[in-house]
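Subject: Model for your files

Dear colleague,

Here is the structure I said I would pass on. My notes come after it.

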Amino acid sequence: MKAIGYYRNLPISDADALVDLTLPDPVPGEHDLLVEVRAVSVNPVDVKIRAGVAPEAGQPKVIGWDAAGVVRAVGRSVTLFQPGDRVWYAGSLKRPGTNSELHLVDERIAGRMPQTLDFAAAAALPLTTITAWELLFDRLGIQEGATAQGATLLVVGAAGGVGSILVQLARQLTGLTVIGTASRPETARWVGDLGAHHVIDHTRPLSEELRRIGFSGVDYIASLNQTDHHFDEIVASINPQGHVALIDDPGLLDFRKFKTKSVSLHWEFMFTRSMFSTPDQVRQHELLTRVASLIDAGVLRTTLAGNFGTVNVANLRRAHEWLETNRARGKIVLEGF
């Protein structure tokens, strides 16, 4: 099968940062789906792994985690899917990635694709949707419905992949007042169109921007990027007994600054369930199934912002380069081999 990967950690500008590969077709294990990959999307984790995780000696490393495709074969214990099903998923860091014509995924972390989306639109969503859902409902403990009525959520970096679906989930499924941050007119419009009640500029102090729109603080903060840069403003902006969740990899921060406000701190890493084979990893199948129904009902929409064409080395390099600018909105997708 065709695949794209790397042998050495190199800057994306290097011609060998990503290379074409020909690999044996994978064989499904007990709980595996063998998926014919039709579309993939690119996430910050792809960039981090390519730049910093070395392959095993002499072996190529295939990355990429979001995928939408068609089940070609199943393992002997699979019960949730059958050949011919259209599926979407975000894979596992412990297995080869989705930048390949064929890919293996455990059925318990895959879902049936929304019927109303094509493969490209579907591939934009799984990793960021799982991250956003777990952050909102599992980590921050928000309840669906109007139980959070009157509470406020600040999403720092709301125009990115996770922010683009988190804003929708919070606005459509909870009673939260949703405040998103963006830095450019086009990204501010994007966040507003996705449902944020307010959009503020994260190039300015967050606490000042919140006061400008009439808020002295917020009850929940989702810090999705540049937590190092915004940390003191996050401390200043969170209400006493508030909750802060983050997904990025900040350097050493003085979390003691949260003590006087009794702030709860939460980490979200959507690969935890698959990495540790947790007993509840089927929750990711369940939430992808739920989100598919919400998309088909018109409650949520894809966060696809650009299709870079066929899955090949040139287009994948271009996608990595764009992500490294930290100016991307929504998700970039590649489709077909």
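Below is what was found, from the whole chain down to single residues.

This is a predicted model, in which local features need pLDDT of at least 70 and side-chain atom pairs count only at pLDDT 80 or more, while totals for chains, interfaces and linings use all residues. Residues are numbered from 1 along each chain as its sequence is written, and side-chain values use heavy atoms, without hydrogens and water.

The protein chain has 10 helices and 16 strands (DSSP runs numbered from the N terminus: H or I of at least four residues, E of at least two). Its radius of gyration, taken over C-alpha atoms, is 20 Å, close to the 20 Å from the globule rule (2.2 Å times the number of residues to the power 0.38) for 337 residues, so the chain is as compact as a globular protein of that length. Of these 337 residues, 56% are buried (under 20% relative accessible area, 1.4 Å probe, protein chains only).

Strand β7 (residues 102–106) is largely enclosed by the rest of the structure, because five of its five residues are buried. L102, L104 and D106 cover one side, H103 and V105 the other. β7 pairs with strand β3 (residues 32–42) in the antiparallel sense over five bridges (pairing requires at least two DSSP bridges), and L33 stands opposite V105.

Regards

Conventions:
Buried means under 20% relative accessible area, exposed over 50%, partly exposed in between (1.4 Å probe, protein chains only).
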